[in-house]
Protein chains: 2
Amino acid sequence: MVSAPLSAISKDGKERLRLWIRMLRASRTIEAELRERLRREFDTTLPRFDVLAALYRAPEGMLMSSLSRFLLVSNGNVTGIVDRLVSEGLVTRARRNGDRRTSMVKLTDSGKAQFEAVAAAHEGWIGELLGDVSDEDTRRLSGMLKSFRSNWEGRE
Amino acid sequence: MVSAPLSAISKDGKERLRLWIRMLRASRTIEAELRERLRREFDTTLPRFDVLAALYRAPEGMLMSSLSRFLLVSNGNVTGIVDRLVSEGLVTRARRNGDRRTSMVKLTDSGKAQFEAVAAAHEGWIGELLGDVSDEDTRRLSGMLKSFRSNWEGRE
DNA sequence: CCTTGAAATTTTAAGCTTGAAGTAATTCGG
DNA sequence: CCGAATTACTTCAAGCTTAAAATTTCAAGG
């Protein structure tokens, strides 16, 4: 069909708005379910889990600023979450000799062990919660979102 | 547990996990940008806007419980947000004669006017932020998310 | 050196969010 | 009727979140 409009930038605003609302509701629904299970089964929270996950990928540790940039949250936010993780013995925060303004945050052995346990359950939950999305749709959606994200990386 | 698990379908867990992470990052990125613009240009917040949007679709008003169910947030949460909207003169909260436990929340004229102004800008922003998603992908994604959502409606 | 500015982080105030406990009004079985 | 359960909502304590201000440290130019 030749629905191609004269202005290539037709861009159906209403349809995009609908997409955004559905996307937001879907992620809020999944997030709520994850939060509930993390609390009930592991007595932890999503933000804590997110920090542990970021640190797990970085055995050498991460700076506070890298952490907040990676997690898409504010600096001050990470300060509080890391404070709690330190007091739970899951991570350490060490001032660096090279630049004493910065501190390197690392998983402890206990933090690493706890993350591995939670992550295994988490992956299963996602599989369950997204179980109605076919493998094909999963790949297709994932591809669309990948390119979407990359268009925004520069802004953060 | 549920009925017998059908192992006929492979269900790639890793790929679903990747999809979830991308979906979460995409919605967080968009949400952050919306929050920033709402604050800068209209001196308001996303939760307040969400409440106004829900009420706008319901000229006769909404109960607190319908509001929290619709917005996928807790009861106590809505109480606080509506408190602020009332003090800003954007909504009213009236106890009902029929059932004195409930209260009907309605937009004021001022609230309606403010919502219309913000909503117009909001729709434009979404069009801009999702501008790199083609019309075809928009419809496809939207369709996938619609069916996804409906599989979860029962749980809320 | 020394000051000025920039960078990394923390602190602060305000608001959002939840789950649980509390209050008040309604409904319903006996 | 009446007491018990239910429903609608609010309050509460704790944690998450942000933007802005404050603090500490580093870097660079004079």
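How many nonpolar, polar and charged residues does the surface near DNA strand C have? By class, there are six nonpolar, 11 polar and 10 charged residues (Ala, Val, Leu, Ile, Met, Phe, Trp, Tyr, Cys and Pro count as nonpolar, Asp, Glu, Lys and Arg as charged, and the others, Gly among them, as polar); "near" means a heavy atom within 4 Å. This is a predicted model, where local features need pLDDT of at least 70, side-chain atom pairs need 80 or more, and totals for chains, interfaces and linings use all residues. Residues are numbered from 1 along each chain, chains are lettered from A and ligands numbered from 1 as written, and side-chain values use heavy atoms, without hydrogens or water.

**Touching the DNA**
- Of the atoms of DNA strand C within 4 Å of the protein, 80% belong to sugar or phosphate.
- Arg48(B) has a polar side-chain atom 2.7 Å from a phosphate oxygen of DNA strand C.
- Arg101(A) goes for a base instead: a side-chain N or O atom sits 3.2 Å from a base nitrogen of DNA strand C.

**Where the two chains meet**

Methods
Polar contact = N/O pair within 3.5 Å; in protein donor to acceptor, adjacent residues only side chain to side chain.
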